[in-house]
Amino acid sequence: MSRERGMNMRIGIFGGTFDPIHMGHLLVAEQAREAGGLDEVWFIPNAEPPHKEAPVSAPHHRERMVELAIADHPRFRLSRVELVRPGPSYTVDTVKDLKKAYPQTHFFLIVGADMMNDLPRWYKIEEILQVVQVIGHLRPGVAAGDLPPFIASRLTLVEDAVTLDLSSTDIRKRAAAGKSIRYLVPEKVRRYIEENRLYENKP
Ligand SMILES: Nc1ncnc2c1ncn2[C@@H]1O[C@H](COP(=O)(O)OP(=O)(O)OP(=O)(O)O)[C@@H](O)[C@H]1O
Ligand SMILES: O=C(O)c1ccc[n+]([C@@H]2O[C@H](COP(=O)([O-])O)[C@@H](O)[C@H]2O)c1
C-alpha cells in the first residue's frame, strides 16, 4: 500500500477458498476494480472456509496459487489476514482486522452472485456492512435474488459484466479425470497443480 497507510484509498477485498484460483476469479476482480474505481484488489484466501463441508487443499497450496495467478497485475495483492488467524475464517473478523490496521481506507467486499445471495446468512452481516460496501458480480446460472434493504443499500452490481461459467469444483473434477485445465487457470497455476499433483483422484 503506497499512500500513507491507505489514506482515502479504495481497496477491494476478495475472499475465497481459491481451490484453485481460476480465470473466473481474476475476471471478477478485474471488473470490480474497474467498475468500483478501486486502487487495489486484495485477494484473501481463507484458512478454514466457514461454510464448506468438503475438505479443501492445504492453505499453503491455495496461497501459493493465488500468488502465482496475480503476480503480473500491478494492482492485485495477496493478503494473509485470514491465513494467520486460527479458526474458521469469518469475514466479520477480517473486515474488523483490516479496518483496525488501515482506519483511513475505504473497503469494498467483492462477491460473486452465489455469495451475494448468501449474505443475509453470513455471521454478523450487520457488523460487516458497517465497515464495507459490497460490489457484486453476476455469475452464470445464478440470478441476483431479492436482498433485504440493509444489504441492497450497500450493494453495487458490476454493470455489463463479462461472466465465465467456471468454478473450482469443475476444475478439480476435470483435473481428477485427467482432462485438460489449460486456459481455465493461469498457466503458472496449471503447472503448480500438475507438479504438486493436487487434484489427482480427488474430485
Ligand atoms: N465464475 C465465477 N463468476 C463469478 N464469481 C465467481 C466465479 N467463480 C467464483 N466466484 C466468486 O469468487 C468467490 C470465491 O469463490 P470460491 O473460491 O469458492 O470459488 P468457486 O469456483 O465458487 O469454488 P467451488 O466450486 O469450490 O465452490 C465467491 O464470491 C464466488 O461467488
Ligand atoms: O463470514 C461468513 O459467515 C461467511 C460465510 C460464507 C462465505 N464467507 C466468505 O466468502 C468468501 C467466498 O466463500 P467461498 O467458500 O465460496 O470461497 C470467503 O472469503 C469466505 O470466507 C464468509
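**Close-up views of the predicted model**

**View 1. Strand 2 and strand 3 (residues 76-78) pair in parallel through three bridges.** Helices (H or I, at least four residues) and strands (E, at least two) are DSSP runs numbered from the N terminus, and two strands pair if DSSP finds at least two bridges between them. The model is a predicted one, in which local features require pLDDT of at least 70 and side-chain atom pairs count only at pLDDT 80 or more, while totals for chains, interfaces and linings use all residues. Residues are numbered from 1 along each chain as its sequence is written, and chains are lettered from A and ligands numbered from 1 in the order in which they are written. At this pairing, V41 has F76 of strand 3 as its bridge partner. Together with helix 2 (residues 59-70), strand 2 and strand 3 form a right-handed β-α-β unit. Right-handed means that, with the strands pointing away from the viewer, the path from the first strand over the helix to the second runs clockwise.

**View 2. Strand 2 (residues 40-45) is largely enclosed by the rest of the structure, because five of its six residues are buried.** A residue is buried if 20 or more other C-beta atoms, placed from the backbone, lie within 10 Å of its own, exposed if 12 or fewer do, and partly exposed in between. Strand 1 (residues 10-16) runs parallel to strand 2 and is joined to it by six bridges. Within this pairing, I44 of strand 2 stands opposite G15. From strand 1 the chain passes through helix 1 to strand 2, in a right-handed β-α-β crossover.

**View 3. Strand 4 is mostly covered, with six of its seven residues buried.** Strand 4 pairs with strand 1 in the parallel sense over four bridges, and F108 in strand 4 is the bridge partner of G12. Strand 4 also pairs in the parallel sense with strand 5 (residues 132-137), here over six bridges. In strand 5, V134 is the bridge partner of L109.

**View 4. The shell around ligand 1 has 19 residues, of which G16, G24, G112, S168 and T169 come nearest.** A residue belongs to such a shell if its C-beta atom, placed from the backbone, lies within 6 Å of the molecule. Helix 1 (23-35), strand 4 (106-112), helix 4 (113-118) and helix 7 (168-176) each contribute at least two residues. Helix 1 gives the most, with three. The shell consists of six nonpolar, ten polar and three charged residues. In this grouping, Ala, Val, Leu, Ile, Met, Phe, Trp, Tyr, Cys and Pro count as nonpolar, Asp, Glu, Lys and Arg as charged, and the others, Gly among them, as polar.

**View 5. Ligand 2 is surrounded by 15 residues, the closest being G15, T17, T91, W122 and Y123.** Strand 1 and helix 3 are the elements that give two or more residues to this shell. By class, the shell around ligand 2 divides into seven nonpolar, seven polar and one charged.

**View 6. Helix 7 has the buried residues S168, I171, R172 and A175.** These residues lie on the same side of helix 7, because they cover an arc of only 100 degrees around the axis. The arc is taken from the directions from the helix axis to the C-beta atoms. The buried residues of helix 7 pack against helix 8 (187-195). Just after helix 7, G178 adopts a positive phi of about 80 degrees. In the loop between helix 7 and helix 8 lies Y183, a residue other than glycine with a positive phi near 75 degrees. Y183 counts as exposed because it has 9 C-beta neighbours inside 10 Å.

**View 7. P88 occupies the loop between strand 3 and helix 3 (91-101).** P88 has 14 C-beta neighbours inside 10 Å and therefore counts as partly exposed. Apart from neighbours within four places in sequence, P88 is in contact (C-beta atoms, placed from the backbone, within 7 Å) with E48 and P50. T17 is 71 residues apart from P88 along the chain, and their C-alpha atoms are separated by 12 Å.

View 8. The loop between strand 1 and helix 1 contains P20, and the peptide bond from D19 to P20 is cis, with omega near 5 degrees. The loop between helix 4 and helix 5 (125-131) contains K124, which has a positive phi of about 55 degrees although it is not a glycine. K124 counts as partly exposed because it has 14 C-beta neighbours inside 10 Å.

Notes
Contact = placed C-beta atoms within 7 Å.
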